[in-house]
Amino acid sequence: MNPAEPLKVTLVIGSNRHGRFGPVVADWLLGHLDDHPDLVPRVVDVAATDLPTTLARGPRAAAALADVTPKLAEADAFVVLTPEYNHSFPAGLKNLIDWHYAEWRAKPVALASYGGLSGGLRAVEHLRQVFAELHAVTVRDTVSFHNAGAAFDDAGTLKDPSGPDAAAKVMLDQLAWWARALREARHTTPYAA
């Protein structure tokens, strides 16, 4: 393992609703991931993942897993982008998470959210509990967009980027630190879950 090797970060877009706002926020996040010198991003979009909700193995599940599982397994870290639906995160995101276990284990997860008044922060708090159960480490700082639709213009550009840009830098710097530390730890001492 080369400690200077860039970190592979998978951005998980957690919404699959028709007319969703997630891709706008995801594009903004990808810009920050691309600008971070240590991070190489790839994307898993829940809306493009056809995993059955029964958790039953079969041809449909095998096809979906063949596409998504390597993107999770190869990642050194994750950024999970979630909206808030009914005070929590979407069922499609939970389904993607539940289909995987070892892929999350002993890796850091940064959480970004969007929504109405709460900015998706209730969904983030629920995700922290889920990822703790999977032996993943969530980074403390987040990026959240309160009244997200009003924060971006029609072209998908933030109207006032100063606060979100600063929050993204802190969150991604923490993610990179944890990703390096945990990658080295997994390499030298396999994690026993």
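A residue is called buried when its relative accessible area is under 20%, exposed when over 50%, and partly exposed in between (1.4 Å probe, protein chains only). The structure is a predicted model, in which local features need pLDDT of at least 70, side-chain atom pairs count only at pLDDT 80 or more, and totals for chains, interfaces and linings use all residues. Residues are numbered from 1 along each chain as its sequence is written, and side-chain values use heavy atoms, with hydrogens and water left out.

**Aromatic pairs**

Rings of Phe, Tyr and Trp (its six-membered ring) pair if their centres lie within 6.5 Å; planes under 30 degrees apart count as stacked, over 60 as edge-to-face and the rest as tilted.

| Pair | Centre distance | Plane angle | Class |
|---|---|---|---|
| W104 and F131 | 5.2 Å | 70° | edge-to-face |
| F145 and F152 | 5.2 Å | 55° | tilted |

F145 and F152 also belong to one aromatic cluster with F21, W28 and Y114.

**Nonpolar cores**

A nonpolar core is a set of buried Ala, Val, Leu, Ile, Met, Phe, Trp, Tyr and Cys residues joined through side-chain atoms within 4.5 Å. The largest has 29 residues, and L29, V79 and F145 have the most contacts inside it. A second, separate core comprises 27 residues, among them V46, I97, L111 and A136.

Contact means heavy atoms within 4.5 Å. Leaving aside residues up to four places away in sequence, F145 touches several residues, including V25, W28, Y114, F152 and P164.
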